[in-house]
Amino acid sequence: MKTSFPRKEDFIDGTRPRQWWVVDAEGQILGRLATRIAHLLRGKHKPCYSGHVDTGDFVIVLNAGKVVVTGEKEHMKMYYRHTGYPGGIKSLRFEEMREKKPEMLVRKAVKGMMAKNALNRNALDRLKIYTTDEHPHQAQQPQILTV
């Protein structure tokens with residue numbers, strides 16, 4: 001019996017099509033949601049998973065601004081970025097980030113759950129995040145994922 005390994009070409013030419021998943025983030029705990037999404041983006045839920053080939057799927061996240069965090073993280077959790085200039089560090093609290101850029105909450109959490117390599121940087125391009133419960137990807141016939 002031969003073992004078959006997936007190839008990059010199988011996913012490009014459509015031999016093994018990528019699935020589309022829809023996740024409703026309303027009321028979900030941010031960290032647990034991010035681990036499940038990272039699992040799907042990487043393709044670890046598939047029997048054909050291989051560490052050297054990107055076998056992941058597309059994930060659509062709805063209601064990104066309605067995620068919840070446990071404990072005092074709502075008021076204490078900080079997000080930092082740097083402008084590149086001296087003294088250019090900027091910070092936002094979780095509640096401020098939810099008001100200004102709610103989709104960045106989920107994107108940063110998922111990025112933090114994935115390994116830091118080229119395959120996963122490309123996998124983040126397949127993450128589609130929306131702040132409402134509507135999305136323009138109905139033609140792809142996404143499946144609903146319960147987390």
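**A guided look at the fold**

N63 is found in the loop between β2 and α3 (73–76), and that loop is one stop on this short tour. The model is a predicted one. Its chain has six helices and six strands, and 36% of its 147 residues count as buried. Below, the tour goes from the overall layout to the sheet, the helices, the cores and a few single residues.

**Overall layout**

- Reading from the N terminus, the elements follow the order α-β-α-β-α-β-β-α-α-α-β-β.
- The C-alpha trace spans about 55 × 35 × 25 Å along its principal axes.
- Among contacts in the chain with a separation of 6 or more, 67% are between residues 24 or more positions apart.

**The four-stranded sheet**

- Four strands form an open sheet in the order β5-β2-β1-β6, and their pairing is parallel.
- At the edges sit β5 (127–129) and β6 (143–144), each of which pairs on one side only.
- Strand β1 (residues 20–24) runs parallel to strand β2 (residues 58–62), and five bridges join the two.
- Helix α5 (residues 102–113) lies across β2 and β5, and runs at about 155° to β5.
- As background, side chains in a regular strand alternate between the two faces of the sheet.

- Strands β3 (residues 78–82) and β4 (residues 89–93) run antiparallel and are joined by five bridges.
- Here M78 stands opposite R93 in β4.
- Six residues lie between the strands of this hairpin, and G84 takes a positive phi near 100°.

**Where α2 meets α5**

- Two packed helices are described by the angle between their axes and the distance between the axes.
- For α2 and α5, the angle is about 60° and the axes are 8 Å apart.
- The crossing of α2 and α5 is right-handed.
- On the α2 side, the contact is made by L30, G31, A34, T35, I37, A38 and L41. On the α5 side, it is made by L105, V106, A109, V110 and M113.
- Sorted by class, this contact of α2 with α5 has ten nonpolar residues, two polar ones and no charged ones.

**The nonpolar cores**

- In soluble globular proteins, nonpolar side chains tend to be buried together.
- The largest nonpolar core in this chain has 28 residues. Those with the most contacts inside this core are I37, L41, V106, V110 and L127.
- At least two residues of this core come from each of β1, α2, β2, α4 (94–100), α5 and β5.
- Helix α2 gives the largest share of this core, with seven residues.
- A second, separate core has five residues, including V22, F58, I60 and L62.

**Single residues to look up**

- Not counting residues up to four places away in sequence, T55 touches P6, F11, R18, R42, G43, K46, C48, Y49 and S50.
- Most residues other than glycine have a negative phi.
- N63 has a positive phi near 55°, although N63 is a residue other than glycine. With a relative accessibility of 4%, under the 20% cut-off, N63 therefore counts as buried.
- Q141, in the loop between β5 and β6, also has a positive phi, near 50°, and is a residue other than glycine.
- Q141 has a relative accessible area of 65%, over the 50% cut-off, so Q141 counts as exposed.

How values were computed:
Residues numbered from 1 in each chain as written. Predicted model: local features only at pLDDT ≥ 70, side-chain atom pairs only at ≥ 80, totals over all residues. Heavy atoms only, no water. Pairing = 2+ DSSP bridges. Contact = heavy atoms within 4.5 Å. Axes fitted to C-alpha atoms, helices over the stretch in contact; angles between N-to-C directions. Core = buried A, V, L, I, M, F, W, Y, C linked by side-chain atoms within 4.5 Å. Buried < 20%, exposed > 50% of the residue type's maximum accessible area, 1.4 Å probe, protein only. Left-handed = near helix turned anticlockwise from the far one by under 90°. Nonpolar A, V, L, I, M, F, W, Y, C, P; charged D, E, K, R; others polar.
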